[in-house]
Amino acid sequence: MSAATAAARRAAHAGMIGSAARRNAWTLGLLGFLAFLLVFTKLIQPSYGVTGVQGLAISVLPLALAAVGQAIVVISGGIDLSIGAMMALTSVISASLMKGQPEEFGIAVVVIVLLLGLALGAINGGLVVVTRVPDIVVTLAMSFVWAGCALLVLKTPGGGSAKWIKELVTGSLGNEWIPKAAVVLVLVVAVIWVPLRRSGLGLSIYAIGSNRLAAFRSGVSVGRTKVIAYALMGLFAALGGLSLTASTGIGTPVPGPYTLMSVAAVVLGGVNLAGGRGGVFGALVAVVILQLIRTDMTFLNVNTNLAVVVQGVILIGVVMIGSLVQIRRARA
Amino acid sequence: MTATRTDLLLEATGISKTYGAVVALKSASLAVRPGEVHALMGANGAGKSTLVKILTGAVRPDSGTIAVRGRERTVHSPGEARRGGLVSVYQEPALIPDLDIRSNLRLTETPLEPFRHWLGELGLEGLDLSSLARSMPLASLRIIDLARALAIEPDVLMLDEMTAALPANLTERVLEVVGRQRGGHRAVIFISHRLIEIAAVCDRATVLREGETVGVVDVTDGSEERIVELMLGEVVRDVPAAAERAAAGARVLGARPRLTVRGLAAGTKLQDVSFELYPGEVLGVVALEGQGQDELFDILAGSDRPSGGELLVDGAPVSFHHPADAIRAGLVYVPADRAEALLMQRSVRENIALPFITRLRDWGPINPGDERRKVEGGIARLQIDTRAQGEVRRLSGGNQQKVTIARWVAGGVKTMLCFDPTRGIDIRTKQQIYVLLRDLAEAGAAVLLYTSELKEVQLVCERAIVIFGGRVVAEIGVADADETALLRAAYNLRSDAPMPEHVAAEAVAEGPAEGSAEAVASSGTEPEADR
């Protein structure tokens, strides 16, 4: 290799590092905001410590998993409004299957529920691809279907959970500052998302969200990729449902606020709603931020109704400031 | 220069603009006198588009002043520029696709009578104003855009690559109308990569290179040389002479064809097309707008399915259900419109790597070393400017087109289908693409090249087929493929008969009535096709 090409390669690498920092600037900014919030929390509630972090980790787990699933679908150019209902359905199914059963049976239940999640997601995606009805309509309709199914399984909150599943997300691992729930979350994302991001399938998901025609012309199977993106979302919804069962010990047939909260986290996390841009890490940080804001409101004794308003204002504010910064940078 | 400052209709001085690390304009200036047609020239990436956007208020400059009739002003939006008498016609049609023409006119408050008048002048008198913009051919949309701009009677009319997608007959009308604007109190800023057009209608030319105005040239006989010299800055390698290629063409004809097309038909546009494409040759395809060439390429690229005929690759019959099938068979497609090929928000790397994953087994982990080697190979081979590689949309048009070609070259190319790959691209990049196509052919690849610029046939092809009304009407060797011969063949005329006036007139009238080649092509290539 000549000196010139070596220099060119070095320059290209330097450029890549620079552009990588630029691409992740949003996530870095969110991390800064999170650090600020943690300091703020400690200031207004000096007793905030190990228990607070433990509680935070458990309470963010279901929404964090939902947000990762939602992020994958949004990156592929879609959106799923049935994610909350899916979580309720998978949660009640797991709770009713596990109730009164031996501990080992829990393993089978987990496998069954995860496969079911993949199937539910694939059904959503398949309907979007086959009917060509917009994602938002299909998944809104399916949210009623999944919510109805959940009520058919369990009319009222009930069921049970294997003990080991509950223990999987409560308490800490080794150091008391490392909550098990956070470890589970990091492991799940590391095992599923990280390899996906570096795989051909991951690139295909970004490609169909960025420019369907270009992806099609480049030989990417748009429909198949879309179904897989939805199936992955279903998998994360099932993980979210299992985490609900694990953290409460029962299954609740009424969907929580996870659908819209997951969309909010994805937007705050820097994923472009038009598809093709962003990643799941920003969404994960956003989930923690949203939860921490809620905690701080409680500490500050803010009226709960007002707290919801404040949360909305902060969401819009952060996204707006971020857009302004990006526009500035584009102009500069 | 005798004109004083106040004599100038429009004057821009010291304009600069940077986008992050990329300097789009360093110090550009432009002075337009009333009554002149002023050419704005420059290689892609020279800063032409940015200057145009600044003049029309779409982008704000970092520094510099713009004066209209001697008075300095800041333009904040295209609407404001329009009210100030500055109207531009962009490369992309600016009509709302889902509205009919009449509603589109109302949207911009265009007076109807002058619009009809200019439409007539431009050769589209029979236009139905209640038809949807979506259903019109691209060429007609551009003519409508121009007529709309003329109807407003702007002081300064800016035409960005107005003739790029037009067939020869409409181009002639446009040039005639533009030429008639000379001598009045208005002015036209004319942007085109075609020097012949510049020579035909322009009075002066301002040449940009790398973000700077490097010269203002009076357009006279022989000034083309000077303009090219200014634009290029440095000499580029020439493509091999046509005569050499004619001999080479004879050599490869004995081999087995890489691609055989027999009696191919699709819908009403493509009737019966047959030809053979040999390894080691560049085969030109020449046709007027909407003669079935779009359908032909869509079928070969696997985006569309034929209604009849057969395709053979290396002698074996094939049928493509998805572009992935065509890519596996070695047939790769480079469209004219970069927006149809690139992931604009993604990086150069991802764009080049995208087609490596067309097989299901490629969905697994990417081998980073292998990918980087291929991507860097592609970047080096096409000399892509990687300063803004984080997002492809920040590259210049020429560099974007290089990325669409690099993605195929990086993986090793057997058969390349190029549909007007140099449309709207500067001379320097064009030359690089010509050299690359020749190199690919010499390395044994087969290249099918549709071109709307007839002189490209002699520059890069061994031979050319001419399609008219969905059939191959002529095959011309490179030695005889001068622009006149090709144009006659494209109109389906015998080479010895003079071209009758009414044929040109008919071709114009047929344009909109026949429906849109572009519309058919784009509806046929929707990704939904692959369930």
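How many bridges join strand β11 of chain B to strand β14 of chain B?

1. Five bridges join β11 (residues 259–266) to β14 (residues 308–313) in chain B, and the two strands run antiparallel; strands are DSSP runs of E of at least two residues, helices are runs of H or I of at least four, and both are numbered from the N terminus. Strands pair if DSSP finds at least two bridges between them. Within this pairing, Thr260(B) stands opposite Leu312(B) of β14(B).

2. As to provenance, this is a predicted model, in which local features need pLDDT of at least 70 and side-chain atom pairs count only at pLDDT 80 or more, while totals for chains, interfaces and linings use all residues. Residues are numbered from 1 along each chain as its sequence is written, and chains are lettered from A and ligands numbered from 1 in the order in which they are written.

3. β14(B) is also joined by three bridges to β15 (residues 316–318) of chain B, again in an antiparallel arrangement, with Leu311(B) opposite Val318(B). Two residues lie between the strands of this hairpin, where Asp314(B) takes a positive phi near 50°. Asp314(B) counts as partly exposed because it has 15 C-beta neighbours inside 10 Å; the cut-offs are 20 or more other C-beta atoms within 10 Å for buried, 12 or fewer for exposed, and partly exposed in between, with C-beta atoms placed from the backbone.

4. Arg69(B), in the loop between β4 (63–68) and β5 (71–72) of chain B, likewise has a positive phi, near 50°, without being a glycine. Most residues other than glycine have a negative phi. Arg69(B) is partly exposed, with 15 C-beta neighbours inside 10 Å.

5. Helix α5 (residues 138–151) of chain B reaches 20 Å from its first C-alpha to its last, close to the 20 Å expected for its 14 residues, where the expected span is 1.5 Å times one less than the number of residues. Because 14 of its 14 residues are buried, α5(B) is largely enclosed by the rest of the structure. Glu153(B), which follows α5(B), has a positive phi near 55°.

6. In chain A, helices α4 (residues 83–98) and α12 (residues 258–268) pack at about 130° with their axes 6 Å apart.

Technical notes:
Axes are lines fitted to C-alpha atoms, for helices over the stretch in contact, and angles run from 0 to 180 degrees between N-to-C directions.
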